[in-house]
Amino acid sequence: MPKENWLAGIFPALVTPFDKNEEIDETAFRKLLRFLIPHVSGVVVCGTTGEFVYLSEKEKMKLIDIAVEEGKNKIPVIAGTGTSSTKHTIELTQYAIDAGAKAALIVTPFYLKPKFNEIYEHYEKLNELDFPIILYNIPQCTGIHKKWWTVEGIAELENVIGIKDSSGDMAFLMALFEKIKGKISIFCGHDEIGMPALSAGADGLILASANLIPEIWQEIYKSVKSGNIEKARELQRKIQKLARIVVRCGANQAVKEGLGMLGIDVGNSRKPIMPGGVFKREDREELRIQLENLGKIQKKEVEFEVIEGKIVKSNYPAIPITPKRIKDFTLKIGEGFAGPPFFEVAHIDLMIGKVGGPVDIAFNKAVKREKSKNGKLRVIYEKPKTLLVPTVTVRTKKQAEHIYENASNGVILAIEKSIKDGILPKEILNDIVIVANVFVHPSAENKKRIMFNNYKGMLHAIRKALENRPTIEELIEEKECARHPFKYAP
Amino acid sequence: MSKDFKLEGVFPALVTPFKKNKEIDENAFRELINYVIDNVNGIVPSGTTGEFVNLSFDEQKKLIDIAVDEVNGKKFVIAGTGASSTKHAISLSKYAENSGADACLVVNPFFLHPSDKGIYEHFYRISRAVDLPIILYNIPQTTDSYIPRRVIEDLAEIDNIVGLKDSSGNLTYMLEVLEKVGNKINVIIGNDEVVLPALASGCKGMILASAQVFPEIWQEMYIAVKNGEIEKARELQMKVQKLTRIFCRYGGAVPIKATLKMLGINCGKTRKPLREGGALLREDKEEIRIELEKLGKVPQKEFKFEILDKPIQARFKDIGLSSEDIKKDNLLVGTCSSGKGLYKVHIDLVFGKKDSSIGIAFAVQLTHPRHGFEALTTILEPNLTCKPSTLIVPMIKLKNLRQANMVYGPVQNAVAKAVIDNVKKNIISKSKVDDNLMIIKVAVHPNAIDRNKLFINCYKAVNKAIIETFRGWR
């Protein structure tokens with residue numbers, strides 16, 4: 001079979017929506033497909049992002065059926081039919097053929113780590129089905145990184161029409177271009193290097209993040225095709241952080257939470273992947289901020305009631321969990337823990353309170369007392385009045401610099417961004433005070449990171465305080481599995 | 001070639017003491033040798049623990065000279081003479097031979113990764129250049145590669161290659177080597193964490209960093225295994241397991257030097273870029289002291305643990321809540337103790353509405369950190385703040401990082417879990433978690449060591465206090 005022309009462009013690796021009982025949510029899946037179809041060249045169902053290893057055969061069949069039905073006459077559907085055994089893969093692929101999928105994406109058999117001759121035979125057997133096959137290299141999950149000569153050999157099978165490489169190993173991709181470019185379609189499956197892969201010769205991208213930003217990937221693809229490398233580069237840079245969060249922090253849960261923020265509720269991953277796991281809570285905040293920066297989360301009107309009866313309306317980047325009215329400013333608590341790396345991690349304990357309330361009283365007492373002693377606390381911002389309190393006793397000049405300059409700058413930048421974004425509306429700034437307890441590890445050295453982590457931690461803490469997060473449901477859900485980092489001895 | 005050299009028993013891999021001006025501290029090195037000499041079969045200067053890569057060749061030579069001189073024939077001196085190039089390794093080994101060392105310890109060539117052929121050639125050339133027993137040295141943690149078993153098989157045929165020191169801690173590799181060449185060369189263990197299983201499976205001895213801290217324990221274990229007293233040997237290994245883990249995984253020479261200092265032997269600091277606060281966090285250094293106390297190597301400070309017998313309403317004055325405040329604002333108060341001795345945990349709790357006196361007390365604790373009594377908001381884990389918002393305030397002054405670790409670790413975790421458990425059970429009403437605050441004062445014994453016991457007792461105390469305090473409250 002020669003190279004197929006349709007196998008090019010942007011393909012999202014679809015998530016599999018689940019309801020609260022971890023059952024497939026068909027309605028949400030159709031909604032997702034309708035949301036994506038206008039922007040993409042095709043879709044991949046039951047891929048890694050679709051948690052295929054957590055799905056039963058029947059469930060995979062159901063997903064393939066739905067996708068084919070929704071995509072009919074619009075886009076091709078690639079079905080992920082790979083399993084660890086040749087027998088099951090053949091059975092599932094046969095189902096995909098009968099259901100009307102356009103091709104099968106078949107992952108390297110995993111877990112029992114077959115040798116390359118056994119892998120070759122796996123694909124040879126699938127080749128006999130006389131149906132288009134796309135090889136799928138994802139060593140992060142399978143533990144096996146195909147060699148270029150294995151791919152070169154398997155590409156000789158007449159039904160193999162492409163390969164998706166998710167390794168992120170650019171040198172490997174380059175070898176594939178050198179050896180088999182033009183013979184089969186070569187797809188990159190690693191969101192962080194989408195643009196360089198396309199520029200070097202990839203025919204398209206199959207990506208988790210294409211669930212969230214399909215039109216940006218489409219633009220990158222078109223820009224490269226038309227030779228506008230400069231533009232493609234700029235776009236890649238714009239989404240680099242989002243891509244990194246998605247790829248490195250457990251793609252499926254990240255994409256699912258991202259879609260939730262966009263108003264498409266696809267639930268959570270099946271356990272043991274869970275919220276606050278590989279996709280950490282700080283990643284959730286950062287993903288949200290990226291989606292805001294890219295204009296995917298739009299501003300909505302949110303009401304603030306700091307002084308009882310006085311409503312202030314703010315243009316706020318709200319997501320479904322944001323309350324319609326933010327009230328009771330007696331004493332709001334927010335926490336922000338942000339890394340990496342280990343030594344420069346930031347941990348902010350935040351209090352926001354109304355003028356005249358407990359936080360304000362404590363604030364004024366502290367300022368008064370500080371005047372009579374050698375000040376450890378600093379008022380670092382005037383509007384809103386903000387007090388910085390070091391959590392660990394400052395002993396050295398270096399620590400003082402870390403707290404009062406680097407961390408403090410981060411906290412200030414976060415307040416300014418929050419004001420600019422409408423998270424802290426200008427009209428309430430005279431009515432509230434902020435106390436930020438700031439932690440910097442005594443072994444920290446990287447000043448830039450101290451600043452930036454405190455910026456992130458403070459941004460998150462402000463949002464969490466206002467939106468009253470974490471929720472009591474989250475706390476109850478995770479009270480057994482939570483991992484406290486300081487509970488254990490070395 | 002010295003005929004009587006025997007690669008058996010206990011050999012400490014000595015640190016290299018430095019003076020304040022970063023030069024080798026000869027006096028301290030001699031002191032260290034004399035500290036260990038009675039309980040060991042020999043010593044190893046200029047090894048990995050001796051930071052050999054950060055020494056000049058002249059300095060390595062100096063160390064070898066001092067070691068040979070100070071030991072003066074009483075025990076063996078195994079000189080670390082490895083280098084990444086064959087030329088340098090030969091030159092150092094020759095020096096060691098002339099200096100009077102009894103054997104050479106030669107590390108797998110590192111940084112540039114030679115082929116199997118290159119590795120064989122390296123050791124072969126060195127063996128031809130000197131008339132000293134040579135010990136191969138496998139330490140993939142630093143060289144990033146193993147000496148291949150097949151290469152060892154061939155090297156073992158060479159007359160003056162007498163042993164292998166394996167620091168990998170990988171027992172499958174070690175057993176493979178023992179199976180192939182155990183009858184030709186002596187395999188000795190170089191990983192402090194797995195000494196007992198290594199000896200039990202046929203290793204003839206050990207070269208260890210920790211053998212300069214407690215050589216007598218290793219000597220005792222070595223003899224116990226020889227006599228077939230496995231149960232005894234197992235107990236000894238467990239006694240030092242945590243210390244060996246800290247030594248092996250938290251920076252080698254850094255924790256060893258810190259430990260020696262606690263024992264009164266000042267070997268100075270490690271050469272940069274290695275330093276305390278890197279692989280060895282200052283928090284973890286406290287753990288070393290705890291373990292040394294347990295082994296009876298450093299004395300433990302006495303502390304009397306007493307809770308003042310005041311009515312519960314009067315126990316929150318230090319955080320600004322008088323008994324009048326408690327009455328006026330209808331604050332709930334409760335108390336409970338659990339456990340005994342070192343693991344007794346006592347807690348006093350107060351709970352009430354944010355817009356009352358407890359709100360101010362809460363905010364004041366976070367804006368006025370009192371030295372040694374720093375309050376912290378309770379979390380299940382970072383980014384999972386407890387609800388109702390709960391503040392932990394230490395009752396007994398925190399004087400060191402180890403005490404702080406106990407309160408900010410197991411105690412905080414136990415408080416968070418007890419609070420959320422009771423929210424789940426609706427003993428603390430879910431609908432009221434946002435409007436109320438809790439402050440929990442906690443007393444734990446400053447000498448407490450076992451974190452899990454603290455966790456359990458703290459959980460029991462908080463849980464019981466909450467159940468009793470909130471009875472009938474909705």
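Strand β5 (residues 134-138) and strand β6 (residues 161-166) of chain B pair in the parallel sense over five bridges. I135(B) has G163(B) as its bridge partner in β6(B). Two strands count as paired if DSSP finds at least two bridges between them. Helices (H or I, at least four residues) and strands (E, at least two) are DSSP runs, numbered from the N terminus.

This is a predicted model, in which local features need pLDDT of at least 70, side-chain atom pairs count only at pLDDT 80 or more, and totals for chains, interfaces and linings use all residues. Residues are numbered from 1 along each chain as its sequence is written, chains are lettered from A and ligands numbered from 1 in the order in which they are written, and side-chain values use heavy atoms, with hydrogens and water left out.

**The sheet of chain B**

- Strands of a sheet pair through backbone hydrogen bonds, either parallel or antiparallel.
- In chain B, eight strands form an open sheet with parallel pairing, in the order β1-β8-β7-β6-β5-β4-β3-β2.
- Its edge strands are β1 (9-12) and β2 (42-43) of chain B, and each pairs on one side only.
- Helix α4 (residues 116-129) of chain B lies across β4 (103-107), β5 and β6 of that chain. It runs at about 160 degrees to β4(B).
- Axes here are lines fitted to C-alpha atoms, for helices over the stretch in contact, and angles run from 0 to 180 degrees between N-to-C directions. Contact means heavy atoms within 4.5 Å.

**The sheet of chain A**

- Chain A has an open sheet of eight strands in the order β1-β8-β7-β6-β5-β4-β3-β2, paired in parallel.
- β1 (9-12) and β2 (43-45) of chain A are the edge strands.
- Neighbouring strands of this sheet are turned by 25 degrees against each other on average, direction ignored.
- β1(A) is joined to strand β8 (residues 204-207) of chain A by four bridges, and the two run parallel. Here P12(A) stands opposite L207(A).
- Helix α9 (residues 214-225) of chain A packs on the sheet and touches β1 and β8 of chain A. Its direction makes about 155 degrees with that of β1(A).

- Strands β14 (residues 378-382) and β15 (residues 385-390) of chain A run antiparallel, joined by four bridges.
- E382(A) has K385(A) as its bridge partner in β15(A).
- A hairpin joins β14(A) to β15(A) through two residues.
- P384(A) lies in the loop between these strands. The peptide bond between K383(A) and P384(A) is cis, with omega about 5 degrees.
- Another cis bond runs from K271(A) to P272(A), with omega near 10 degrees. P272(A) is in the loop between α11 and α12 of chain A.

**Where the chains meet**

- In chain B, 54 residues are in contact with 55 residues of chain A.
- The chains bury about 4600 Å² between them, 61% of it on carbon and sulfur atoms.
- Buried area is the accessible area (1.4 Å probe) that two parts lose on being put together, summed over both.
- T367(B), H368(B) and N383(B) lose the most area on the chain B side, together 15% of what that side buries.
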